[in-house]
Structures are given as structure tokens and as C-alpha cells.
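The following explanation is intended for a reader new to this structure. Please keep the sequence and the model in view while reading.

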Amino acid sequence: MSTTIASSVQRLRATYDSGLTRPASWRINQLKQLQQLLNEHEAALLSALNADLGKSTAEGWLTELGYLHSDIKHTVKHLKKWMRPQRVSQPLMAWPGRSYRYPEPLGVVLVIGAWNYPLQLLLSPMVAALAAGNCVVVKPSELAPKTAELLERLLPDYLSAETVQVVTGDAAVATQLLQQRFDHILYTGGGRVGRIVMKAAAEFLTPVTLELGGKSPAVVLEDADISVAARRIAWGKWLNAGQTCIAPDYVLVHENVHDQLVSALKTAINEFFGSDPSTSEDYGRIVNQQHCERLVSYLDNGTIAAGGQHDMRGRFIAPTVLTEVDEQSDVMQDEIFGPILPVLKIKNLASAVSFIRERDKPLALYGFSCSQRALQQLTEQTHAGNQCNNDTLMFMLNPELPFGGVGPSGMGRYHGRFGFETFSHLKSVMTRPFKMDPNFRYPPYTPFKQKL
Ligand code: NAD
């Protein structure tokens, strides 16, 4: 296997060195080929997502295929502008001449995807890498095997194997991949493996983008519209059965509106998934038994205010709200990454800010309030990879916003132009004419010495 991996990478390097990937026309063609794959195999892709994660057609389309279509469309539309060298001013000391910032591809890059959005998290970084003119190795997660198998079969039919290689397998395969030299690695997944990736990359001084996770809080202040806040939190939390890196992990709610919020969350669950969510086609399943067991162990970390039902064999855990949760309990220490939502009382904005600041910098932060001033304070007084006010997840839809973590929730960013820049090197290029070559800049620096 390792010789196969090494020769795959070598093959891509030979393609990159040939210059094939440089022209905008080639890059746009690859992206359109990918678009065609998504169109022609939409049903098979949606069915693989359903088999892996119980994703409904609507959810699979909205969060994976639809997302990728707009990503590709946006990239194709703006690519020539992003690729254009940007002329900048020339300082007097270096005059005459011209200076440019020139985006160039990095070479051969590796994208390691996670299982929770197995299409989006693998293909969206690949779109950015191809747009930037690189050759790419993509490694889907083994925990979403149907999607991984399908991508392994379909991608070579649409994208040249000289430029994109799909390598499937588990941690052992990922380890072999990381023994190769890449020019950039974008990894999506947990922090434990993130550290392994970064250590392996250090061997070759390969830059990394780490898209990690963490506990993303939602803060609900007393003046928020509680019913709308509850619906938006419920949507962001129970999409994909809570297995979303930017899902609200827990809620900090003003004590005066705690009961009202819990009741509105129950109403939202009932509206979205009915009285028995196990029968709702719009409610997903937990990825595997191991994660089910981990999640079920959190159920006694508080009082179950809603949900709590589970069926391990069916990988089902109902949308669950936990109240009276101890801050020291496991559910408040680990990233939940499942459909359990602890709701904790706070006295005011300042106590919410201290609670957040005492913990790792989260990937996402959600603030709910009618006061612009309070939301501004939340932005200014806390750290988070991304913040969205009076809603959840929606910031993902704006390609003008960079997506990425900070501190333990990750490093680097992508989406839209930021993805193109992540997979490019911004080379400084200054060109000077031969004419005008005065002596003063050369030793023995006589004019300067006379002035000093
Ligand atoms: P996972 O198990 O799918 O692992 C991610 C990838 O790492 C897989 O491709 C896997 O094969 C590979 N891997 C596993 N062990 C490895 C090793 N020893 N060496 C090299 N590679 C290895 O995903 P996960 O870690 O369970 O993902 C869940 C985490 O990912 C959560 O913390 C979540 O918040 C985070 N996440 C972040 C984002 C984001 O965009 N920031 C998106 C999704 C998930």
C-alpha cells in the first residue's frame, strides 16, 4: 500500500511539474466536471449519505450537494479575478519598477475529510485546491464508508487521475499518507488527530490548515425573541442529529427566561420532528455504536427536560434537552457532537462572557439578543472562530466570510476566496528596468557617507 501511495503522490507531482494545472481554463474545466458529477449522481450520493448518517434527501441536499453547487458556482465566477496578479505601488527607493502580488499554486496538497459531512468537508477544500491550481490527494473518512466508496468510484470518471487521487482507508492509511511530502495539508476532524497531522507535517515543514471542533456556546439574553431563538437553536443543534462541528454545543440562558426557552425548545422539537422523532424522515442517526454509547452516557449528567429516548441498535438518540447540569460533568467537559443540548442558567452577559473565556476558544459562538450593544460586547469580549448573532450556522452560507477555528478549534481558514488563498502562495514579484542605475546605492556609498 505505501508504495502505491508514494507512487500516486509522485504521479501528481509529475503532473504539477508539467504545468498542466496552471491555466484558468484547466481549473474551471475541473470544477465544471465536478459539478457534472454532482448532477449526474445526485440520487446515488444522497442515498449514500442516507446510508451512512440517516440524512434525509432534503438535508443531504441543503447541507452537502446544494452547498457544493454554490461553492463551485462562486469559485468559477470569481476565479480569474482571484488569479490576477495584483499590482501595488513602487517605493521611491526602488523606482523605477513594478511590483506585483502574484498568487501561485503550492503543488501537491492533501485533504483529509471527516465523516459528519462526508461530501462537503472533502470536496469543498478540493474545489479550493483545484481552483488554486494544485494537484490533490483526497482522503475521505472511513466512518462514512458508503460515501467514501462512491467517491472513490466516481471521482476518477470525472477528474483526471493525473491531478486528483482518492485514497480510502482508516488511520493506518492516513498515517502512510502523512509520511509523504505535501505542499499543504487541510485536515478536518478532532484535535487529537489534528496534533498527529501537524507533527507529521512538521517533518517536511508542510503548512497545515486544521479545521477542528470544540464546545460552541449559544448565549440567550433576557431581551431575545425566545421563540425564534429556540427554533434557530433547535435547527442548528438537531440538524444531522447534532453531529455538526458548528452546532450549538450548549446554551447559556438568562435565568429569567430559562423555563420559557426550555419550553420553546420542546415546541420546536415537536414541530420539526413530531412527537416520536424516531419515525421522522428528517431526523438523522448517530454515525456508529461507539458514538451512541458515548452519547448515552451523558444522559444522566442532568435532568432530562425533553427527549432522552434511545435505541442503540438503530443508532437513534432523540433530540434531548438537559437542564440542571453540573459544569464539571462530562457533558460539559467533552465536545458533545450529538443530539444532547445542556441548558445552563446565567445571571447576565458578564457571567456568560466569563464562562466562555474560562474555556477553550470555540469554533462558533451564537449570541441572541435585541440589543446591538450586548451583541457587540459579546464579540469584543470573547474569542471564537466564527460568530453568528440571532441565528445558528447561517454564516456558513456567505462565501465572503472566512471559515476556520482559533486556538484549539483550529488554524487557518477557507471558503470562497479564503480557500483559494489557503492553497496559494502569494509571491512578491518586483521587476526593474536596466535603465537608470545610479551609483549611490552601491559601495563605497560615497554620497551617503558624505551626509552622515
Ligand atoms: P474522523 O474520525 O472522520 O477523522 C477525521 C479524519 O482523520 C478521517 O479521514 C480519519 O481517517 C483520519 N484519521 C483518523 N485517525 C488518524 C490518524 N491517527 N492519523 C491520521 N489521520 C487519522 O472524524 P472525527 O475526528 O471523529 O471528527 C469529529 C471532530 O471533527 C469533531 O471534533 C468536530 O467538531 C470536528 N469537525 C470539524 C469541522 C470543521 O470544519 N472545523 C467539521 C467537521 C468536524
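In strand β6, Tyr 187 is the bridge partner of Ile 112. Helices (H or I, at least four residues) and strands (E, at least two) are DSSP runs, numbered from the N terminus. The model is a predicted one: local features need pLDDT of at least 70, side-chain atom pairs count only at pLDDT 80 or more, and totals for chains, interfaces and linings use all residues. Residues are numbered from 1 along each chain as its sequence is written.

Strand β3 (residues 108-112) and β6 run parallel and are joined by 4 bridges; two strands pair if DSSP finds at least two bridges between them. β6 is also joined by 4 bridges to strand β7 (residues 208-211), again in parallel. In β7, Leu 210 is the bridge partner of Tyr 187. From β6 the chain passes through helix α8 (residues 191-202) to β7, in a right-handed β-α-β crossover; that is, with the strands pointing away from the viewer, the path from the first strand over the helix to the second runs clockwise.

Strand β6 (residues 184-188) is mostly covered, with 5 of its 5 residues buried. A residue is buried if 20 or more other C-beta atoms, placed from the backbone, lie within 10 Å of its own. One side of β6 carries His 184, Leu 186 and Thr 188, the other Ile 185 and Tyr 187, and all are buried.

Helix α5 (residues 120-131) is largely enclosed by the rest of the structure, because 12 of its 12 residues are buried. Among them are Gln 120, Ser 124 and Pro 125. After α5 comes Gly 133, with a positive phi near 90°.
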